[in-house]
Each structure stands twice: as structure tokens, then as C-alpha cells.
Amino acid sequence: MFGLWSGMIIGFITNYYTNNSFSPTKHLADSCKDGPAPNIILGIALGYKSCIIPILCITATIGYAFASAGMYGIGLSALGMLGSLPVALSVDGYGPISDNAGGMAEMCGLPGEIRRRTDALDAAGNTTAAVGKGFAIGSACLVGLALFGAFITRIGDNSVDILKPTQFAGLLVGAMLPYWFSALTMQAVGDAAQEMMAVIKIEYDLLMAAQAAGKEDHQVDYQKCIKVSTDSSLKLMIAPGILVIGSPLLAGFVFGPDATAGVLAGIIVSGVQVAISASNTGGAWDNAKKEVEKRRNEYLAAPENRDYDVDECIAEFNACNKDSKKFEETLKSKSAEEQSRITFGKELVFHKEKHVAAVIGDTVGDPLKDTSGPAINILVKLSAITSLVFGSYIKNYHYFGNKTAATN
């Protein structure tokens, strides 16, 4: 029951920090008026702050469960948090479904009102996906701790003394691994994006050349982009996979089971914070962009603005703003109707600049919330499972021969 309630609280906190109905994401959207830098700075701070209550919930769960039933209690609390797994999986799938619906609406050339509705669904989907990831990382911490306890039992020990140099060194290395793992996954996303952009530029140039030559039936080769994405997802994930499996085994076979115990503890302690902050930061940036787009659409749909021609008003504002120092003087020299159109154009340019800043934040957040953050779950669980499977070998066969405390 404690694990179930902790998972629910983690879900509510995630919803608060990533939903554009609440102040944290609205504050991110407001910060876009000053450019992308404040948006990115405040987004990172939001992700860090969103770790506080989930971590307190997880620690309270661990403390109560361990005091009640030892490591068996930890396993039960993990089961309790995973008890809502069907709901977590369903809300996690809601996000990409609504996102793809919006993409299909745009590709089919449907009216703007349809896209605005799918954007609202997508914003809700970003929040539900973040909630699902919060459940996942919370349960990963508890499951990782239970597996860690099983590993300690497997090697014939009953505690990990971090005052010993081997254990403490392993702890530091383990705490570093989530950052290394995140760096590899984010670099993979960045490299694949650059490669895909090169393909897109070539295809765009071919399309423009074909249109200039009067060949309207030129077909863009979309398969090249799909191939880049597929190949990168396979090739560039080899290194992170080796890191997950190889790190605890290398530490164990070289320095013994004490080093592996330190590594596993470090991965759990550090990985939970990295995963929560990355997922919530990315989700908040995405919904901040949706909030900026929503405000722009509401401004355009206002009754007093419906009759204006957007392109003409922006052109009039740019002509009036050639000398920004004399903008007010130039504006006063215009008629009331012209002033109204120029002011409307000014607001549109302002909304466009905010949107650019919001898109930059969203682009930075995508690899955080969709790649690095969720993948930390794999790092925490798989490293613990690997160590448990090879626990007996690590105990009996290691290079430096440092025995566990129980053996000594």
C-alpha cells in the first residue's frame, strides 16, 4: 500500500510540473519572451526541483518497507508501485498516439482548427507520458534496490561499508555511470539528427530544382530519413548497451564483489535523480511550446483581430520598424487604422519570437524526455540483474582477490 500511494503522489507531482495548466510550465512559456536562454535555464531548474518530492516519497517507502519486513518489504513496495502498471502503460501510450494524430492532420492539410485540437491532446499526452515515466523510474529504484539486496546475499555479505576504499570508489564510479550513459544516448540522437538534416537538405535541393524545371511530379525519397533513423537506433546503441552490462562485471572481475556493490549503489542513487529531472524537464519544455502556440492562436482568433491580413500587417510593422529608435514617432504619424494594423503585426512578430524560443527548448528536451530519461530505467535494472546473475562468479573469480567482509 505504501508503494501504491507513493506512486500516486509521484504521478501528481509529475503532472503539476509538466502540465501547462499549472504555474511551472506557464512560467516557462512566459520566459520565452526574452529568448531561448531563460527558457532553457528555467527548464533545467524545473527538472531539478521536480525531483524533491518523488525522492522523499521513495525514501519514505524504503524506510517504512524495510522497517516492516526487511528486503522482502522492499520487494512488496516495488510490487505495490507496479500495481498501477496497466494504467501507467496506457497513459504512456496516449502521448505518441495523439502526437502522431497531429502529424497526420498536418500532412493531410486539414483545417487549422483540427491541428489546434490535436495540439491540446498532444499537450495532455506529454503530461501522461511524463507520469508514466515517473512510475517507471520510481519502481526501477525499488526493484533495483531489491535486486541489489539479492546480490549482497549472493556474494555472502550482509552490508556495504562505504568507508572502505573499494566500496567508496565503486560508489563514485556508479554515480557517474548515469551521466556517461545519458551522454552516449544524447550524442546518438544529435549525430543521427545531423545526418538526417544532411539528407533533408539534399532532398530539398532536388525538389526545388525539379520545381524550377517544371517537374511537379517529383517524388521526395522519405525512405532515406527512415533508414538514417533505423540504422542509428541500432548502431549507436551498442556502446550504451555495453556500458550497462560491462561496468558492474568489469568492476567485479577486476576489483571483486565489494566494488560491484558500490557501483550498483551509485547507479541507483544517481540514476533516479537524472531520470526524473530529464523526463520532467523535457515534458515541461514541450508543453511550454504548446502553451505559446495556444496563446498565439487565441490572439489570432480574437474577434477584433479576425479581419486582419497576417502577412500584410507583419510587412507594415517591419516597414515602420526599420529604425527601431524612431518606431514610436513613425507609428504616431500613421492613421488610426494603420496604427491598429501595425500594432497587430508587432504582436505577431513578438509571438513568433516567443515560439522560436519555445521550439528551441522543446528540441533540447526531446532527447532528454524520450531517450536519456526513460533509458536510465534500463541502466538501473539491467546492471543489477547482470550482477546478480554473475554474483557467484564475481565472488570466487576476481583479479585482486579482495574478499568480502563475511568471507574474511
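Q: Which residues does serine 139 touch, not counting residues up to four places away in sequence?
A: In this predicted model, serine 139 is found in helix α6, which covers residues 112–154. Leaving out residues up to four places away in sequence, the residues touched by serine 139 are Met81, Leu82 and Lys381.

Q: Is serine 139 buried or exposed?
A: A residue counts as buried when its relative accessible area is under 20%. Serine 139 has a relative accessible area of 1%, so the residue is buried.

Q: How many Å separate the backbone oxygen of alanine 136 from a polar atom of the side chain of serine 139?
A: A polar contact requires a pair of N or O atoms within 3.5 Å. The side chain of serine 139 has a polar atom whose distance from the backbone oxygen of alanine 136 is 2.9 Å.

Q: Which helices hold glutamate 203 and lysine 224?
A: The side chains of these two residues, glutamate 203 and lysine 224, form a salt bridge with an N to O distance of 3.2 Å. The pair ties together parts that are 21 residues apart in sequence, because glutamate 203 lies in helix α7 and lysine 224 in helix α8.

Q: Is glutamate 203 buried or exposed?
A: The cut-off for buried is under 20% relative accessible area. Lysine 224, the salt-bridge partner, has 37% and is partly exposed. Glutamate 203 has 7%, so glutamate 203 is buried.

Q: How many residues apart are glutamate 316 and arginine 341?
A: A salt bridge of 2.8 Å, N to O, joins the side chains of glutamate 316 and arginine 341. Glutamate 316 is in helix α11 (residues 310–320) and arginine 341 in helix α13 (residues 336–389), so the pair links distant parts of the chain, and its separation is 25 residues.

Q: Which residues do salt bridges that share partners join into one network?
A: Aspartate 370 and lysine 369 meet through their side chains in a salt bridge of 3.1 Å, N to O. Aspartate 370 is partly exposed at 46% relative accessibility, whereas lysine 369 is buried at 8%. Through shared partners, salt bridges join these into one network of Asp122, Lys133, Asp286, Lys290, Asp366, Lys369 and Asp370.

Q: Which helix has the lowest mean pLDDT among the elements of the protein?
A: The protein has a mean pLDDT of 88, with 98% of its residues at 70 or more. Among its elements, helix α3 (residues 36–49) has the highest mean, 95, and the lowest, 80, belongs to helix α12.

Definitions and conventions: Residues numbered from 1 in each chain as written. Heavy atoms only, no water. Helix = DSSP H or I, 4+ residues; strand = E, 2+ residues; numbered from the N terminus. Buried < 20%, exposed > 50% of the residue type's maximum accessible area, 1.4 Å probe, protein only. Polar contact = N/O pair within 3.5 Å; in protein donor to acceptor, adjacent residues only side chain to side chain. Contact = heavy atoms within 4.5 Å. pLDDT = per-residue confidence, 0-100. Salt bridge = Lys/Arg side-chain N within 4 Å of Asp/Glu carboxyl O.
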